[in-house]
Amino acid sequence: MELDAAQNPNPEPPISAYYQTRAEHHAVVSSDWLDHAAAAASLPDAHADADAAPPPSPGSNGGGVIEEFNFWRRKPEAAEAVAAIMALAAVIRSSRATTMMELEIELKKASDKLKSWDATSISLSAACDLFMRFVTRTSHLEHEKFDAAKSRLIERGEKFGEISLKARKTIAMLSQDFISDGCTMLVHGYSRVVLEILKLAASNRKLFRVLCTEGRPDRTGLRMSNELAALGIPVKVLIDSAVAYSMDEVDMVFVGADGVVESGGIINMMGTYQIALVAHSMNKPLYVAAESYKFARLYPLDQKDMTPAHRPIDFGVPIPAGVEVETSARDYTPPQYLTLLLTDLGVLTPSVVSDELIQLYL
Amino acid sequence: MQFDDVHRVEKAKKRAIVNQSEARNRVELFRHLPQYVHGTQLPDLESKFFQLEPIHPSVYKVGLQYLSGEVSGGNGRCIAMLLAFREAIKDYSTPPNKTLSRDLTAKVGSYVSFFIECRPLSISMGNAIRFLKNRIAKLPITLSESEAKASLQSDIDRFINEKIVVADQVIVSHAITKVRDDDVLLTYGSSSVVEMILEHAHELGRKFRVIVVDSRPKLEGQGLLRRLVAKGINCTYTHINAVSYIMHEVTRVFLGASSILSNGTVYSRVGTASVAMVAHAFGIPVLVCCEAYKFHERVQLDSICANELGDPDVISKIPGRADLGDLKNWADNENLQLLNLTYDATPSDYVSMIITDYGMLPPTSVPVIVREYRKEQLWV
């Protein structure tokens with residue numbers, strides 16, 4: 001447990017580690033905004049140096065999984081969930097278990113450890129659960145020799161990791177049909193999948209315009225607009241409250257997701273719900289780009305029906321004493337406001353999410 | 001069967017054990033449904049007991065319990081029926097020159113038609129009968145009679161345990177995650193699984209309040225209310241007339257269901273649709289709790305095509321109000337028809353979530369469950 005405390009950037013429960021990591025990776029602090037813009041033009045990936053470090057050799061104890069996880073997590077390109085999948089695959093590889101049962105227990109322990117590392121991250125726990133299901137699903141494993149079964153698990157684990165790594169590219173490819181020349185799209189905050197989609201569209205010589213929300217409180221939208229501008233895409237930044245004002249010039253809305261839940265709705269960065277409501281009332285399609293490892297067996301009934309995830313908000317001026325601040329980091333968008341989900345399993349309507357989950361967990 | 005088809009009704013009458021007396025003043029829109037004539041049948045059937053050889057006594061007993069309303073509720077009726085079949089199978093012996101699987105299927109068929117005469121089948125019962133007939137048909141030919149009977153009895157026990165008892169426990173464990181402290185939960189009528197959820201939440205020490213909404217003529221909510229209050233749960237009791245008044249203080253609506261159809265329509269106690277619609281209008285989540293064995297692949301858009309008619313007299317007579325005699329001889333007036341419906345259909349738009357033994361699902365996933373459930377039944 002001591003090790004956990006050392007590794008988790010924010011061991012205190014009120015602040016969500018998931019959103020803190022995102023902020024570190026994607027946020028732009030206004031003071032170094034210009035330097036960043038300049039740096040982005042010359043150096044495509046400011047965090048690339050993290051790749052230089054060799055992966056730690058994971059021990060068979062639970063601590064290893066966190067180390068491995070952290071190694072992958074430090075790369076801003078790798079999603080936290082993919083890092084977890086890689087770490088779990090490494091657990092199988094380095095396991096010294098001699099029976100299937102032992103291996104499964106070990107895997108379960110590692111997965112629980114990862115999940116408890118940050119309970120506020122939906123994609124982390126969803127990816128751990130999905131990995132466990134995917135790897136240990138078929139029952140006829142029991143009839144094989146242990147070594148053969150283990151190598152099969154490794155194979156499956158690696159396959160799952162590979163699928164997850166490729167997911168973003170697959171989604172970008174699938175979503176090209178939705179972007180037509182001359183369209184204007186609205187994006188909210190910084191989403192790596194959405195960026196990948198727009199990048200591919202730009203490289204396919206599509207002509208389109210992007211409106212970026214600012215993405216308060218960590219201003220991830222500024223980072224998004226920065227990267228889009230570097231690609232030569234016409235981009236305009238809005239403050240979060242200007243969404244309804246600008247909606248009439250928008251043809252479609254693209255958002256990412258922190259988690260896709262069983263109802264087909266999404267849990268995403270604060271502000272997604274109100275954008276979805278505005279888009280719905282103005283009859284604009286809203287597309288969600290999300291990798292399938294974000295499908296979680298959760299079913300929130302309303303906004304408060306989730307594990308709370310908080311993050312600090314800087315208002316620039318001190319908050320008067322006795323004033324409460326809403327620090328929740330995410331909201332839930334019900335499925336009726338989503339048009340389609342663009343996932344690596346294909347383009348899905350929200351109701352298919354639950355079908356996929358049932359088939360996987362049944 | 002279409003009960004407005006004169007020829008077929010005539011034929012069915014000849015076969016019937018239960019005396020079919022003609023109902024008067026039928027409501028035009030509901031002529032195709034079996035008309036309610038139960039009141040006069042009970043003494044008639046009781047006197048026939050010794051003349052009816054082919055009906056097993058335990059089946060006969062359960063049939064009379066349906067008729068008198070002593071056994072009611074989707075799960076209760078289904079379990080009673082299965083236990084009766086179990087007894088009947090235990091006492092069964094194949095007649096000479098006949099094979100077990102064919103003769104027993106016919107026998108079960110005759111029991112089922114007896115049950116239908118007592119009270120139209122619920123969808124849960126229909127599914128259970130389909131399961132049992134399927135098991136009989138699939139019996140290996142090599143089994144001896146006693147082995148076959150033992151296998152069928154254990155199948156019935158397994159069905160009751162897995163699909164009803166354990167399924168309810170799983171539903172409770174899912175539903176409990178949606179009950180928070182300081183919640184106000186509304187329920188309508190009396191559903192056995194909702195009752196289990198409320199009791200379990202109370203055992204876990206959650207601090208919540210329950211509003212039991214009830215309606216005439218059955219007033220089933222009073223039984224639920226008595227049991228909940230006895231457990232020390234804070235309750236409010238009201239009738240469905242006041243549901244829009246009480247709804248603003250509610251945080252969750254828990255409903256039971258007789259069946260869930262594949263377009264997500266919830267087929268349940270009449271009044272459920274109104275409660276769900278009022279909750280939807282107030283933006284309050286509606287959770288429907290239903291075991292997967294009650295799901296049906298049929299699609300229904302209204303409450304007219306398939307329904308059950310209850311006793312029209314119970315709406316005209318109000319106990320304790322002898323002064324309200326306006327409807328005393330209502331049957332003599334040809335222009336007056338009374339309609340007492342038993343079920344209604346709630347469109348899926350008004351349902352936020354369905355809680356089944358397969359987890360918490362949106363109403364759009366019902367076809368998936370129907371499909372997977374069938375698959376499982378084939379393999380078992």
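Helices (H or I, at least four residues) and strands (E, at least two) are taken here as DSSP runs, numbered from the N terminus. On that basis, chain A holds 13 helices and 10 strands. The model is a predicted one, in which local features need pLDDT of at least 70 and side-chain atom pairs count only at pLDDT 80 or more, while totals for chains, interfaces and linings use all residues. Residues are numbered from 1 along each chain as its sequence is written, and chains are lettered from A and ligands numbered from 1 in the order in which they are written.

Of the 362 residues in chain A, 42% are buried, a residue being buried if 20 or more other C-beta atoms, placed from the backbone, lie within 10 Å of its own.

An automatic or database domain assignment divides chain A into domain 1 (2–166) and domain 2 (172–361). Between them, 30 residues of domain 1 of chain A are in contact with 29 residues of domain 2 of chain A. Helix 7 of chain A gives the most to the domain 1 side, with 8 residues. By class, this side of domain 1 of chain A has 20 nonpolar, 8 polar and 2 charged residues, where Ala, Val, Leu, Ile, Met, Phe, Trp, Tyr, Cys and Pro count as nonpolar, Asp, Glu, Lys and Arg as charged, and the others, Gly among them, as polar.

Turning to the partner chain, 12 residues of chain A are in contact with 13 residues of chain B. The chain A side divides into 4 nonpolar, 4 polar and 4 charged residues.

Notes. Two residues are in contact if their C-beta atoms, placed from the backbone, lie within 7 Å. A residue is buried if 20 or more other C-beta atoms lie within 10 Å of its own, exposed if 12 or fewer, and partly exposed in between; C-beta atoms are placed from the backbone.
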